[in-house]
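Here is a short briefing on one structure. Keep the sequence and the 3D view at hand as you read.

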Amino acid sequence: MKYIFLYSFVIILYFLAFRKNKIKTALSIKRALRGFIIFIPYFIQIILLTAITLNVIPDKTIINYIGSGNILKNAFFAGAIGSMIFIPAFIAFPIAALLLKKGISYFVIALFTTTMMLVGIITFPIERKYFGWKITVYRNIFGLIISIIIAVIIGFFYNEI
Amino acid sequence: MKFEKKYFNIIFISAIIAFFSAAYIFDFQRGQTIALLSADFFLEVLPVLPVIFLLIGLFEIFIKRSVIIRHLGPDTSNIVVKYTFAVILASLNVGGMALAFPVAYALKKKGADMKVVFTYLGAAGLVRINMILFEATFLGLKFTLLRLFTAIPLIIFAAVILNKYFNGHTEFSEKGEC
């Protein structure tokens with residue numbers, strides 16, 4: 001239901017495209033189908049790995065590693081776990097909010113969420129498929145560096161560093 | 001090798017179905033939870049998938065290469081437009097970085113500058129609209145805005161650096177370039 005605007009938008013676009021050039025419109029659909037079919041196995045792979053990770057590593061463990069002890073250890077594990085995992089936003093942020101309540105610094109939380117969203121070992125297969133090994137590795141390394149910088153700046157603003 | 005790749009999908013998906021069926025038949029609790037969790041995630045993102053690929057299809061067939069190269073290409077005349085476009089496009093993304101890869105690849109194939117593609121990829125991870133709303137709800141507006149304003153320049157900066165390494169890079173060329 002919430003996607004009704006999106007669907008209407010696409011339907012209108014295709015309607016206009018159809019009127020302009022039927023053959024090209026058919027080609028577009030064909031191209032869309034091909035892209036979809038190439039994409040789906042990798043996507044299912046990611047989802048399965050995510051579900052398995054979430055199941056095998058319960059929330060408690062994550063909270064344990066990131067949520068107690070000295071700040072450097074927390075930061076290290078936040079970055080490490082965040083890089084390895086690909087959690088959807090609606091699960092990640094409640095966990096982050098829980099960590100916040102436990103008193104974890106914003107620095108660690110920023111590191112955690114940023115690496116989770118930007119860097120991903122789980123997303124390696126699909127990124128490698130589309131862009132090749134080198135870009136995948138370099139982009140993720142830079143992503144990690146960026147995440148650390150962002151987290152440090154945020155920690156600075158919250159007077160934690 | 002070619003034989004393997006062709007049947008990879010079918011084998012993979014059959015294996016999944018077999019595993020989940022076995023999990024239910026043998027009442028394997030862990031397996032069942034994993035199945036439900038996966039189905040949950042999958043259904044969360046599924047409504048958007050066909051739409052995104054339909055849009056990519058239209059983009060690939062109808063938009064001329066010259067248009068993209070003129071507006072988003074390596075020429076340095078309209079820098080602000082290029083990066084703004086990349087960030088705005090990325091903010092419209094829903095459901096994770098995985099979905100950003102096909103779109104980024106389509107852009108690259110059409111001749112967009114790698115700086116733009118990398119900015120889009122980076123921003124697709126960090127600057128999504130629905131994610132920003134979530135974040136503000138759970139972690140506070142100050143945190144969200146702070147993260148946003150530090151992330152965007154850094155993403156662009158990293159994109160420029162990555163561009164120096166990877167200009168003119170072509171992997172995964174499908175047949176039927178346009």
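In which helix of chain A is the place of A:Tyr138? A:Tyr138 belongs to helix α7. The model is predicted.

**Helix α7 of chain A against helix α9 of chain B**

- The crossing of α7(A) and α9(B) is right-handed.
- On the α7(A) side, the residues in contact include A:Lys134, A:Ile135, A:Tyr138, A:Arg139, A:Phe142 and A:Ile146.
- On the α9(B) side, they include B:Lys142, B:Phe143, B:Leu146, B:Arg147, B:Thr150 and B:Ala151.
- Sorted by class, this contact has 18 nonpolar, one polar and four charged residues.
- A:Tyr138 touches B:Leu162 and B:Phe166, with residues up to four places away in sequence not counted.
- A:Tyr138 has a relative accessible area of 34%, so it counts as partly exposed.

**Aromatic pairs**

- Over all chains, the count comes to 14 aromatic pairs.
- A:Phe43 and B:Phe42 form one such pair, with 6.2 Å from centre to centre and 40° between the planes.
- That pair is tilted.
- The pair of A:Phe43 and B:Phe42 crosses between chains.
- A:Phe43 lies in helix α2 (residues 22–56) of chain A, and B:Phe42 lies in helix α2 (residues 29–45) of chain B.
- A:Phe43 is buried, because its relative accessible area is 3%, under the 20% limit.
- B:Phe42 is at 23% relative accessibility, so it counts as partly exposed.
- A:Phe124 and A:Trp133 make an edge-to-face pair, because their planes stand at 75° with the ring centres 5.9 Å apart.
- A:Trp133 is partly exposed, with a relative accessible area of 49%.
- A cluster linked by ring pairs holds A:Phe36, A:Phe39, A:Phe43, B:Phe42 and B:Phe53.

**Charged side chains over rings**

- A:Lys24 places its charged end over the ring of B:Phe62, 5.6 Å from the ring centre.
- B:Lys142 lies over the face of A:Tyr158, at 4.5 Å from the ring centre.
- B:Lys142 is also one of the α9(B) residues that meet α7(A).

**Chain B as a whole**

- Chain B has nine helices and zero strands.
- Along the sequence, its pattern reads α-α-α-α-α-α-α-α-α.
- Chain B has 178 residues, of which 49% count as buried.
- Among contacts in chain B with a separation of 6 or more, 68% come from residues 24 or more positions apart.

- Is B:Lys82 buried or exposed? B:Lys82 is buried, because its relative accessibility is 1%.
- B:Lys82 is found in helix α5 (residues 79–91) of chain B.
- Beyond four places in sequence, B:Lys82 touches residues including B:His71, B:Asp75, B:Thr76, B:Asp113 and B:Val116.
- B:Glu60 lies in helix α3 (residues 48–62) of chain B.
- B:Glu60 is buried, with a relative accessible area of 6%.
- From C-alpha to C-alpha, B:Glu60 and B:Phe26 are 47 Å apart in space, and they are 34 residues apart in sequence.
- B:Phe19 lies in helix α1 (residues 2–25) of chain B.
- B:Phe19 counts as partly exposed, at 39% relative accessibility.
- B:Phe19 is in contact with B:Phe28 and B:Gly31, leaving aside neighbours within four places in sequence.
- B:Phe19 and B:Phe101 are 82 residues apart in sequence and 28 Å apart from C-alpha to C-alpha.

**A loop residue in chain A**

- A:Ser105 is found in the loop between α5 (89–101) and α6 (106–118) of chain A.
- Its relative accessible area is 15%, so A:Ser105 is buried.
- Which residues does A:Ser105 contact, leaving aside its neighbours within four places in sequence? A:Ser105 is in contact with A:Ile71 and A:Glu160.
- A:Ser105 and A:Ile154 are 49 residues apart in sequence and 10.0 Å apart in space, C-alpha to C-alpha.
- A:Ile154 is one of the α7(A) residues that meet α9(B).

Note on methods:
Residues numbered from 1 in each chain as written. Chains lettered and ligands numbered in written order. Predicted model: local features only at pLDDT ≥ 70, side-chain atom pairs only at ≥ 80, totals over all residues. Heavy atoms only, no water. Phe/Tyr/Trp six-rings, centres within 6.5 Å; stacked < 30°, edge-to-face > 60°. Helix = DSSP H or I, 4+ residues; strand = E, 2+ residues; numbered from the N terminus. Buried < 20%, exposed > 50% of the residue type's maximum accessible area, 1.4 Å probe, protein only. Lys NZ or Arg CZ within 6 Å of the ring centre and 35° of its normal. Left-handed = near helix turned anticlockwise from the far one by under 90°. Contact = heavy atoms within 4.5 Å. Nonpolar A, V, L, I, M, F, W, Y, C, P; charged D, E, K, R; others polar.
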